[in-house]
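Trainee: I would like to learn how to read the features of a protein model one at a time. Where do we begin?

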Amino acid sequence: MIFFFYGFTKYCKTHNQLTEMSNHITLSLQDLPEPKDLLIADYQKHIRDLFDAYHRLETESDYKRMAMVDYYTLWVHQIKTPISALYLIIESDPNERNLTIKSELFKIEQYVEMVLHYLRLESESSDLQIENLSLEKLVKSSLRKYRTLFIEKGIKLNLAPIEYSLLTDEKWFCFAFEQILSNALKYTHAGEINISLLQSPARLVIKDTGIGIQAEDLPRIFDKGFTGFNGRMDKKSTGIGLYLCKSALKKLSHQIEVTSEIGVGTTVSIHIERDPIVIE
């Protein structure tokens, strides 16, 4: 009986130690209990070998990812040079044909930028620079970039007064807004795009008169790689744009909502209101 209770006590103590470790998982095995017999020592050695192998694979994976990010970052910056050169060539001979070429070149430039933003968004490092910015200036700077597509497609733009100061990152907010604007232009073949500011709560609203989104596709439009019915019909959609858009807005603590009706259009709302920051 004495040996039984002694063994049971050691068993309970070891069990409690392992349970405590599982409740406070760390990246170290130094808190493993001392092995009381050869069998437990063998188990612990096996665990340590697996732990070391996992860290080797993780290190190799991180190195390969860093190399890939460095390569594509360099590629993006290098490809911008011929794109800029092509813009200069087109500007030197303005005509209707070159206007079409210019709009297609702009799309290439946006896809290149998407690659860079995708890599940065997926990485653990963050380059956010949060500051108070004018929403009107952010929106107008993005609209100027897309003016060629508005002209080429003959889409009317209605921009309501949007005087509002928001706490956000300029680059990432503009990227998210431009993804929405790009989709609105892509799927609006005639009509107009309306941009306005609504209050209570404050939200930036982008409304188009495009083909709309099917009701069964709406819950999944922000899923990575999901193209939906419109994307399958277009055959050029990647299903990445809206995923990156929502991910960027989530990073900035902004919410996004989409409503749509087939044949009527789509309305996208970006919630930009924040609770007041109290400094204690």
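Predicted model: local features only at pLDDT ≥ 70, side-chain atom pairs only at ≥ 80, totals over all residues.

Trainee: How should I read the direction in which helix residues point?

Mentor: An α-helix has 3.6 residues a turn, so residues three or four places apart point the same way. In α6 the buried residues include F173 and F177. The buried set also includes L181 and L185.

Trainee: What is the length of α6 from its first C-alpha to its last?

Mentor: The span is 24 Å for 17 residues, close to the 24 Å expected at 1.5 Å a residue.

Trainee: Which residue caps the N-terminal end of α6?

Mentor: D169 does, with a side-chain oxygen 3.2 Å from the backbone nitrogen of K171.

Trainee: Which strands does α6 lie across?

Mentor: Helix α6, residues 170–186, lies across β4 (192–198), β5, β6 and β7. The angle between α6 and β5 is about 20 degrees.

Trainee: How do I read a sheet?

Mentor: Strands of a sheet pair through backbone hydrogen bonds, either parallel or antiparallel. In this model five strands form an open sheet with mixed pairing, in the order β2-β4-β5-β7-β6. The edge strands, each pairing on one side only, are β2 (156–159) and β6 (255–261). From one strand to the next, the twist averages 15 degrees. The secondary structure of the chain comes to eight helices and seven strands.

Trainee: How many bridges join β5 to β7?

Mentor: Five bridges join β5, residues 203–208, to β7, residues 265–271, and the two strands run antiparallel. Within β5 and β7, I206 stands opposite V268.

Trainee: How many bridges join β6 to β7?

Mentor: Seven, and β6 and β7 also run antiparallel. The bridge partner of E257 in β7 is S269. The hairpin of β6 and β7 has three residues between the strands, and G263 in this hairpin takes a positive phi near 80 degrees.

Trainee: Which residues take a positive phi without being glycine?

Mentor: Two cases are S200, with a phi of about 55 degrees, and S253, with a phi of about 65 degrees. S200 is in the loop between β4 and β5, and S253 lies in the loop between α8 (241–251) and β6.

Trainee: Are S200 and S253 buried or exposed?

Mentor: A relative accessible area over 50% counts as exposed. S200 is exposed at 68% relative accessibility, and S253 is exposed at 53%.

Trainee: What kind of peptide bond joins S200 and P201?

Mentor: A cis peptide bond, with omega about -5 degrees. P201 is also found in the loop between β4 and β5.

Trainee: How do I read a side-chain contact between parts of the chain that are apart in sequence?

Mentor: Take K145, which is in helix α4, residues 135–145. The side chain of K145 makes a polar contact with the side chain of E178 at 3.1 Å. K145 and E178 are 33 residues apart along the chain, and their C-alpha atoms are separated by 9.1 Å. E178 is one of the buried residues of α6, whereas K145 is partly exposed, with a relative accessible area of 38%.

Trainee: Which residues is K145 in contact with, leaving aside its neighbours within four places in sequence?

Mentor: F106, Q110 and E178. On the scale of the chain, take the contacts between residues at least 6 apart in sequence: 68% of them join residues at least 24 apart.

Trainee: Where does N98 lie, and which residues does it contact beyond its neighbours within four places in sequence?

Mentor: N98 lies in helix α3, residues 96–122. Leaving those neighbours aside, N98 is in contact with I90 and D93. N98 counts as buried, at 11% relative accessibility.

Methods. Residues numbered from 1 in each chain as written. Heavy atoms only, no water. Contact = heavy atoms within 4.5 Å. Pairing = 2+ DSSP bridges. Axes fitted to C-alpha atoms, helices over the stretch in contact; angles between N-to-C directions. Expected span 1.5 Å × (residues − 1). Buried < 20%, exposed > 50% of the residue type's maximum accessible area, 1.4 Å probe, protein only. Polar contact = N/O pair within 3.5 Å; in protein donor to acceptor, adjacent residues only side chain to side chain.
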